[in-house]
Amino acid sequence: MLTTDINKAKEALLINELIAIPTETVYGLAGNAYDETALKKIFELKKRPFYNPLIVHLKSVSCIYDVATDIPENALKLAEKFWPGPITLVLKKQAHISDLITAGKDTVAVRVPNHPVALALLEKLEFPLAAPSANPFGSISPTTAAHVFNYFGDNLKVILDGGECINGLESTIVGFENNQVILYRHGSISVEEIEKIVGKLSIITNNDKTPNSPGMLSRHYAPMTDTYLTDTISELIKSFKGRKIGLLLFKNLSKDDTIMHQEVLSQSGDFAEAAKNLYAAMHRLDHSKLDVILAERLPNIGLGKTINDKLERATKK
Ligand code: TXA
Ligand code: MG
């Protein structure tokens, strides 16, 4: 059920039920990070494999020591700079953190979300929240409470409605290995912004066999409809003549009047606006009974790189 009542959310969490919470990135499927029953429910409801670890959401930077230890200087710099905000840090875990959260690894992923509703809720709790994105494993992430309801319906008693997510893309995930800062997942904060604080990042590219971060799995965030990514949309349209085509475009509408449905991410070509609109546009396209979705690649800089990365994963078969 959709609600704005934080107390209802708290009550559900105290009896180890799951709830959906708004964050600035995407909605999360949240449970008490210190309770194994709640953690198991997250995997069940999301149909998420146990090898895919969860992010722990904290109420403030100082809570980092409750869950992590041996925190590198660069991690503290990033936390100070970007929290509350959309960067997730992979750190050495405290012994008490459940293997369900970490998938048996000795690291834990943490962040402080930058959403007034999520922060007000965390402030009322004596435990952090483990929360993956509130979508079934592999599908498009939710950026509105209605997206969450469409996925889970009444299986979620409390969906805290905090409006549309302002960033609209997942957090950027970084880890720290051998004095290097490593990018595990492209996200809401661009590589360039992070490099201003900690210098050059090492970027881990796809590795389906031992993904460090399954956000890096080659197929993820995928619509049900067949989706293709291209630099030259008008060329690709020709090869699908006669089919029901939907377009996911960066700035400009297509003039082709055989197209059934078009989504433009940002008429002014603004990456942040495009990021905010991306998943909602993908949800709408996926519900438009199309034969095929053709998506246009963005310029590969800043958040354009993150959007392209998500589109690549939405289209690879
Ligand atoms: O923006 C976000 O990060 C959203 C909101 C709800 O906070 N959450 C989110 O969670 O995107 P999820 O579960 O969809 O993605 C979490 C990612 C996964 O790719 C997972 O593999 C990675 O975080 N992760 C978690 N723990 C990790 C660890 N110890 N080492 C490496 N990657 C980890
Ligand atoms: Mg996810």
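This is a predicted model: local features need pLDDT of at least 70, side-chain atom pairs count only at pLDDT 80 or more; totals for chains, interfaces and linings use all residues.
Residues are numbered from 1 along each chain as its sequence is written, chains are lettered from A and ligands numbered from 1 in the order in which they are written, and side-chain values use heavy atoms, with hydrogens and water left out.

**Overall build**

- Along the principal axes, the C-alpha atoms fill a box of roughly 60 × 45 × 35 Å.
- The chain has eleven helices and 16 strands; these are DSSP runs numbered from the N terminus, helices being H or I of at least four residues and strands E of at least two.
- Of the 317 residues, 56% count as buried (under 20% relative accessible area, with exposed over 50% and partly exposed in between, for a 1.4 Å probe and protein chains only).
- Among contacts with a separation of 6 or more, 66% join residues 24 or more positions apart; contact means heavy atoms within 4.5 Å.

**Helix 10 and helix 11**

- The axes of helix 10 (residues 271-286) and helix 11 (residues 303-315) come within 9 Å and cross at roughly 20°; axes are lines fitted to C-alpha atoms, for helices over the stretch in contact, and angles run from 0 to 180 degrees between N-to-C directions.
- That angle makes helix 10 roughly parallel to helix 11 (under 35 degrees; over 145 is roughly antiparallel, 65 to 115 roughly perpendicular and the rest oblique).
- Residues of helix 10 that meet helix 11 include Phe 271, Leu 278 and Met 282, and their partners include Leu 303, Ile 307 and Leu 311.
- The residues of this contact divide into eleven nonpolar, one polar and one charged (Ala, Val, Leu, Ile, Met, Phe, Trp, Tyr, Cys and Pro are nonpolar, Asp, Glu, Lys and Arg charged, and the others, Gly among them, polar).

**Helix 4 and helix 8**

- Helix 4 (residues 73-82) and helix 8 (residues 191-198) pack at about 125°, with axes 10 Å apart.
- Helix 4 is therefore oblique to helix 8.
- By class, the contact has five nonpolar, one polar and three charged residues.

**Thr 172**

- Thr 172 lies in strand 10 (residues 172-177) and counts as buried at 1% relative accessibility.
- Beyond its neighbours within four places in sequence, the contacts of Thr 172 include Pro 86, Leu 183 and Ile 194.
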